[in-house]
Amino acid sequence: MAAGAEGAPKMSALEDALLAARQREAPLELLCFDREAAEGLDFSETEWSRTSFHGCSFTGCDFSKSAFYSCVFERCRFTGCRFAVSFWKDCRLGGCKADGGDFRRSRMKGCALEGTVLRYANFTNTVWERTALRDCNFTESTLSESRISKVTFEKVDLTGTELFRTSLKGCDLSSCTLDRIALSESCAELKGAKIDASQAAVVARILGIIIS
């Protein structure tokens, strides 16, 4: 942060907005942040509405129990951030990166994620409803014990993703990468999901079936 006229640190627009919201005990709404940087800020239990973020970076920030309504994130980067028990409705994330993010027990409803990288992220016990995933990367992430309803998957990389006790019934995974996905012994997680012939061979290997 830059120094103010009297040598005191100058707060960023994000810090100003957060402080004002805390003081008023009011949601943050109708805001626009462009190329802002935040490190170690406590955004927990905040509410964001119709706010956009463009090219922003967040490092070690806590968004636990926060709620986002009709918010847009474009080309934003989240490093070591926590989103546990967060709520997202009608939000859009495009070209974002949140490797290793903690999203446990979070909920996404009516959202769209495109070109977003979520490698090694923890989505245990999450709820996904009417959400579209396109060209996203969930490599080595954890999606165990989650509920997925009316979610579309288009060219999503699920390499090495843990899916224990998460039903993908009704999901079309035919354009997705399923290499090394972790399933239960019965592969019940894929029951009722649509896959193509090449992916069937991947599932066979998981079950220990040798195809000659």
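Trainee: Which residues does serine 141 touch, not counting residues up to four places away in sequence?

Mentor: Good place to start! This is a predicted model, in which local features need pLDDT of at least 70, side-chain atom pairs count only at pLDDT 80 or more, and totals for chains, interfaces and linings use all residues. Residues are numbered from 1 along each chain as its sequence is written, and side-chain values use heavy atoms, with hydrogens and water left out. Taking contact as heavy atoms within 4.5 Å, serine 141 touches Leu118, Tyr120, Ala121, Gly160, Thr161 and Glu162.

Trainee: Is serine 141 buried or exposed?

Mentor: Serine 141 sits in the loop between strand E15 (132–134) and strand E16 (147–149); strands (E, at least two residues) and helices (H or I, at least four) are DSSP runs, numbered from the N terminus. With a 1.4 Å probe and protein chains only, under 20% relative accessible area is buried, over 50% is exposed, and in between is partly exposed. The relative accessible area of serine 141 is 0%, so this residue is buried.

Trainee: What distance separates the C-alpha atoms of serine 141 and asparagine 122?

Mentor: Along the chain, these two residues are 19 residues apart.

Trainee: What is the relative accessible area of serine 44?

Mentor: Serine 44 belongs to the loop between strand E3 (37–39) and strand E4 (47–49). Leaving aside neighbours within four places in sequence, serine 44 is in contact with Arg22, Asp62, Phe63, Ser64 and Ser66. Serine 44 counts as buried, because its relative accessible area is 14%.

Trainee: Which strands stand at the edges of the open sheet of 7 strands?

Mentor: Two strands pair if DSSP finds at least two bridges between them. The sheet has parallel pairing and the order E2-E5-E8-E11-E13-E15-E17. An edge strand has a single partner, so one side is left without a neighbour in the sheet; here that holds for strand E2 (32–34) and strand E17 (152–154).

Trainee: Which residue is the bridge partner of cysteine 32 in E5?

Mentor: E2 and strand E5 (residues 52–54) pair in the parallel sense over 3 bridges. In E5, the partner of cysteine 32 is serine 52.

Trainee: What volume does the largest cavity have?

Mentor: On a 1 Å grid over the protein atoms alone, a cavity is a set of points where a 1.4 Å probe fits but cannot get out, and its lining residues have an atom within 4 Å of a point. Points are joined across faces, edges and corners, and a volume is the space filled by probe spheres set on them. The whole structure has 1 cavity of 30 Å³ or more. The largest cavity has a volume of about 40 Å³.

Trainee: Which residues line the largest cavity?

Mentor: Ala, Val, Leu, Ile, Met, Phe, Trp, Tyr, Cys and Pro count as nonpolar, Asp, Glu, Lys and Arg as charged, and the others, Gly among them, as polar. The lining has 7 nonpolar, no polar and no charged residues. They are Trp128, Leu133, Phe138, Leu143, Ile148, Val151 and Phe153.

Notes:
On a 1 Å grid over the protein atoms alone, a cavity is a set of points where a 1.4 Å probe fits but cannot get out, and a pocket is an open set with protein on both sides within 12 Å along at least five of seven lines; lining residues have an atom within 4 Å of a point.
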